[in-house]
Amino acid sequence: MEHNEMGGERLLISRRATGLLEDGTATTRPIEDWRAVDAYVLLADPGAGKSESLRMEASASGGVFRSARDFIALGIEPQDAGKTLFIDALDEMRAGASDGRTALDQIRAKLKYLGRPRFRLSCREHDWRAQSDLSALEQVAPHDTVLELHLEPLSRGEQEKILVSRSSEVPDPQSFLRQADDHGLADLFGNPLLLDLAIRAVASKGGWPDSRSAIYDLACIQLAEEQSDAHREVQAPGPGDIDRRLDDAGMLCAILLLSGKSALTRGPSADSDLSTFAWHELPDALQLHDARAALASKIFVTVAGESTPRHRSIAEYLAAKTIARRLRSGLPLGRVLALMQGGDGITVEPLRGLHGWLTVHHVADRNQLIRLDPLTTILNGDASAFTGTDKRALLEALRDAAQDNPWFRNGQWTSYPFAALASPEMVDALAEVLSDHSTADANQALVDCVLDALNHGSVMPDLINEIEAWVMDPNAQFRNRIGAYNVWKRITPFDATRAREWLDRLHGGETPDYDARLASALLLDLYPAHLRPEEVLRFWPTPEAISSTAGLPHFWYVGLIEQTPPEGFVLLADSWLQVNPPSHHRHFDHEGYRLAGQILARALEQVGEEISGERLYAWLGIGTDEHGFSKLGMYEGARIARWLSSHADRLKAAMAWGWRQRSKEAGSNRRHFWEAENRLCGADRPADWLFWLLEVTASTADEELAKYCFSQVAARAVVDSQEGMVVPSMEYIINWVEANTATWPQAQVWLTQEWTCELADDWRANHHRQQILHELARQANRRKRQEGFAPYLEALTTGTPAPWLLNKITSAYYGRFTDIEGDSPEKRVQELLVSDIDTARLAVARVEQVLSRTDLPSSDEVFRIDAAAQYHHLRPAALLAAKMVDERNEQAVDTWREPLLWTAAAFPTAKTTAATYFWSGCSCASLRPKLPRPPSDGQPLTNAPICGSSMQPQDA
């Protein structure tokens, strides 16, 4: 619990974020679970909690939190070098800039200067240029990868936690949320700021606002009214004071937003400070009443003499309200738009919030503002305040926007603001859109908007037929089919019969289903209330249902396990044996076996000791392929193994049954018995396992099984056995053989085979001889290398090793010799030279210094065919040296002379088989933009300096 910036206490909640994995799958996780990612951008709508989430993560992970403005201007402290950077509010830095890329480029330059550290960046969803911004950041990110994360709205449970923590304002959280549902505002409360404003508005006025704009209005009034008790005693607000204070605050916010300034200050503005201006120097023409009182209110936060709006969306709301008042008084709209739009006539990204609220407040020119940017009107304003005519105009504007660019909503995940379009007077207009099933991208994009509206706005059961048609439209884009299904569930009581009918049609192939994803959504709702565990596996996706590049749909990957009641796993295990899904889907076998392992583990934990050996053996076969090898994941296999280890009697019963089944098969042999035992997932055998095997040997009538069991006992009696297992002595085994001669007269032969071997012909003897010969050959080669390299090791000390020697060292560094081993480059070089470790380290240092050699060729010489062989040995060493220098310090390339740059580039391209090594395999690809015009003098390099002292010979 912390002190709330708006006056109360605030509960810190770990949020969730959704990102796309490498396989294209969208995954939602707690934000702390994304810490392993080197770089990400956190996107959300205004007030969603981006800043707080970054601040919490920075504190929890030991990172450094900076606003984008402070990061660009001040950087970080020396003691923070190497820490993960959390850079907040890129969108605010873009405000007022003539080119929105400038702020991002300044951040990129700073990140590169700091050595491309791990970082997190936050930005408004609407201000993020998905492709260009992402590719620009990837150039300065570790491993050239940046992930987009979308902050998830607060869940209902998280909203309840916040309400409970503010019991002084909300005595009954459940009643509060029910009233929010009644007023159609529940979807807004996924946004923490809107929830906070609603709490404050309801608490202060005792009544519920009826729209998003009403929430802002009441909250702003309260912020303007709140003064300390001391101030109230001196001067209580008079009639009209609050309205005038809000108007002044709106004008000050408008000035900040339109100018791109970040703060207002009381002192004189320095010429060098472009981020602030002095509020007391504003001209009288602005008609401010009392700027000091507005800045003193809780609408602004003042730190070190600089005043900034408490939240950007509040600033946008008040600024738009004040501008609308000026427009009604005669200010030309064109003059305002000239300040808000770029050269293309479109509102610049940082001012879209202002545009959205201006559309709400300025009724006279609303239609024109809607036409200019309908998506901004929806996402950043409040269309619920519009008339039916305005809403229809907005719908038409969205249609036109989709015609111009069907992907105009790309990256805009926020959907609840579209609720305003789904009001009773819009039924006919929405039905008209839904009646058009054109597959054109523009039409599909418009339908997407309408379905978002119906998923959040008024419930419209009259549209049930149109919605059902979209659910099963085989030509519709998947997002619209699943969106229509969600609307269908919202506007009618869940019809399990209808849903089951759709599921049958999808699974049977009567209606196409994109990677079985719609069927997955139906299963999530049907199971287990309307679809029993023993029948659900009938709907396992067919081989044709899922493309080879896709994984299992959500229901099969997660939902089945999460939604199955504990007692249902026994039924699932039995059903799995009938369906056996993994054998039909090679391209996601791994996921199938993971699911099978989870089912099996939970089923075993339910049955306990009651399960028969026959049933257990059959269940254990769930996790093996057709060759008898276990395919279960490490976690699932370990969980099953633990259960088997703790149920020794059941383990024995399963093996006894399995061996009997193998004995009945034609051509049974040792392999079949091993296959049965392999189903145990590596479980520890009981302590009396070997004695039990002797019992099986004595009681079975199958000679092959008897030999298999006895051989295990005899072998483990003389070879290391499992820890904790009781091993019969050799004398005990000999006595057992004598006692069971009547049953198994061949037992003495079996014992002899296990305890002795023919030195001439036995495979074990041959294997041992081969090992000895291999070791002798290895030692001989090692001595030969030692003798061969010894005369040349002195050159490593003088710093002038021959090119061929550098080539050998480079090959050993990369592990390219099959007969030279070592778990590090230096250890491999040591083994190559048969030297001590210090000599090996010196050899690696000499490779790194190859770029300073006097015999390094020019780029012209590298490309000369008749000179190619001359530089063959230097090429690998030079490329490795460049890689080493670049990995130590990427800025070192900036100090290289032009001839060296061109030689470094010429080495890989001169040999087509390695043409991409230097440019893509080596991180020195960063020098490409640094390359000047190629030298043409053909002069060799002479002691080319490269990276300062780091390249000097190292003391051995």
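Colleague: Why is arginine 505 called partly exposed?

Modeller: Its relative accessible area is 22%. Buried means under 20%, exposed over 50%, and partly exposed in between, with a 1.4 Å probe and protein chains only. Arginine 505 is therefore partly exposed. This is a predicted model, where local features need pLDDT of at least 70, side-chain atom pairs count only at pLDDT 80 or more, and totals for chains, interfaces and linings use all residues. Residues are numbered from 1 along each chain as its sequence is written, and side-chain values use heavy atoms, with hydrogens and water left out.

Colleague: What makes glutamate 510 and arginine 505 a salt bridge?

Modeller: The N to O distance between their side chains is 3.8 Å. The rule asks for a side-chain nitrogen of Lys or Arg within 4 Å of a carboxyl oxygen of Asp or Glu, so the pair qualifies. Glutamate 510 itself is exposed because its relative accessible area is 59%.

Colleague: How do you know whether arginine 166 is buried or exposed?

Modeller: Its relative accessibility is 7%, so arginine 166 counts as buried. Its salt-bridge partner, at 2.8 Å from N to O, is glutamate 169. Glutamate 169 has a relative accessible area of 27% and is therefore partly exposed.

Colleague: What are the values for arginine 532 and glutamate 534?

Modeller: Their side chains meet in a salt bridge at 3.1 Å, N to O. Arginine 532 is partly exposed at 47%, and glutamate 534 is partly exposed at 37%. Both belong to a network of salt bridges that also links Arg500, Asp504, Glu535 and Arg538.

Colleague: How many salt bridges does the rule give?

Modeller: The count comes to 42.
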